[in-house]
Amino acid sequence: MNGSFLFQAFIYLAAAVVMVPLAKRFGLGSVLGYLLAGVVIGRYGLGLVGHEGEDVMHFAEFGVVMMLFVVGLELDPRVLWRMRGPVLGLGGLQVLITAVVLSAVGRWLTASWPAAIAIGLAGAMSSTALVLQLHQEKGLQRTAAGQSGFAILLAQDLAVIPILALLPLLAHAPDSAPAVAPWLRGAVVIGAVTLLIVAGRYLVGPVLRAVAGTRLRELFVAAALLLVFGIALLMEKVGLSPALGTFVGGVVLANSEFRHELQSDIDPFKGLLLGIFFIAVGASIDWGLVAQHPGFIAAIVVTVLAVKFVVLLVLGRLFGMGRDESVLLAFSLPQVGEFAFVLLGVAAGLGLITADLESPLAAAVALTMGLTPLLFLLWERVVAPRMAVASGADLREADDITGRGPVIIAGFDAFGSTAGR
């Protein structure tokens, strides 16, 4: 296997260009195409990608950061404030209940409650990258399930911060915690977020106007990337999630005059990095380990999917969602997400879980992510039509329109351009 950077880049891009159109051709969606591409080129496929794929995944995770920045650009701060109820209520309860149930299940995997709690907290996370991409492809962002799913994902991103602070305490390793007083650490975090909001309102606009005045497109692209990189770096330095920080930055700039240009410049990088991230997830699945312990790993995967499915379904109904929307929510978020790799790695480093347990757990996490597009396909092609029939919905075919006439498209944004095509 050639380990050169150019060869690896060629392999990843070729896998995406070949597999994604095939997956789309068979109605499987782009996400599953990327995952299958990773499986094909991975260690247990053609063997074109080895352990360096883990480094690629860390790099490609920046696609999640960019995606949340773009999502933030589309949200008015007033809309985000109105979402505080679903984020803290629905999202907070999902994290808490799922973590408690999975911790009880994890007690069967390990001899200690601290280790079981660490497993439960990691399992409570869902995949922001996977869910938002699937919802975007299917146009579900504005539905009740799409908005509730986003609120839950945002709550999970917020929960990562206290979870990372809790893990050293579970391991009885206070020395591994930062040697900074909690109040001072909180003050630093509040100061960083305040700096981000003030700079977004009063500094970024004049800087972008000066850059735009040069009329050099590549310079504005560089400025947009610099903005995202700077926010992510600042959040990382103060111990916050870079993805959460860039989301806040996007919300601050949601009313900026440069919102659409920032979005159009960052979108290609976001899409490409997300694709590489999904390929890296597919390539990271240790099929050798799965073959050694098929029953054990399958039991973990099925249990996690079932627990999260039931919790999401019940919470959706409790928060006033319709039956079809609750089912869609449950089919969208039952997987374990990318943050679980980080939390499991930290737990293993602290000695909470052993390497022998971390490896099958990581394989199970990757498999739940890989199965999500298939579950979504099951909902779309089997469950949703049957629920529509059961509810007595009008399933007649669309009217056949034969007339022709001029059409005016008011507003040629992303939706308008799609309608135009």
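This is a predicted model: local features need pLDDT of at least 70, side-chain atom pairs count only at pLDDT 80 or more; totals for chains, interfaces and linings use all residues.
The largest pocket has a volume of about 1,400 Å³, and of the 38 residues that line it, Glu74, Gln136, Gln141, Arg142 and Gln263 lie nearest its centre. Two or more residues of this lining are given by each of several elements, including α4 (62–73), α6 (84–106) and α14.

Three cavities of 30 Å³ or more were found in a search of the whole structure. The largest cavity has a volume of about 60 Å³, and its lining is made up of five nonpolar, two polar and three charged residues, with the largest share, four residues, coming from α19. The second largest cavity, with a volume of about 40 Å³, has a lining of six nonpolar, one polar and one charged residues, to which α9 gives the most, with four residues.

Helix α14 (residues 259–284) also packs with helix α2 (residues 30–41), at an angle of about 45° and with the axes 6 Å apart, which makes α2 oblique to α14. The crossing of α2 past α14 is right-handed. Residues of α2 that include Val31, Tyr34 and Leu35 meet residues of α14 that include Gly275, Phe278 and Ile279, and the residues of this contact comprise ten nonpolar, three polar and no charged.

Note on methods: Residues are numbered from 1 along each chain as its sequence is written. Side-chain values use heavy atoms; hydrogens and water are left out. Axes are lines fitted to C-alpha atoms, for helices over the stretch in contact, and angles run from 0 to 180 degrees between N-to-C directions. Angles under 35 degrees count as roughly parallel, over 145 as roughly antiparallel, 65 to 115 as roughly perpendicular and the rest as oblique. A crossing is left-handed if the near helix is turned anticlockwise from the far one by less than a right angle, and right-handed if clockwise. Contact means heavy atoms within 4.5 Å. Ala, Val, Leu, Ile, Met, Phe, Trp, Tyr, Cys and Pro count as nonpolar, Asp, Glu, Lys and Arg as charged, and the others, Gly among them, as polar. On a 1 Å grid over the protein atoms alone, a cavity is a set of points where a 1.4 Å probe fits but cannot get out, and a pocket is an open set with protein on both sides within 12 Å along at least five of seven lines; lining residues have an atom within 4 Å of a point. Grid points are joined across faces, edges and corners, and a volume is the space filled by probe spheres set on the points.
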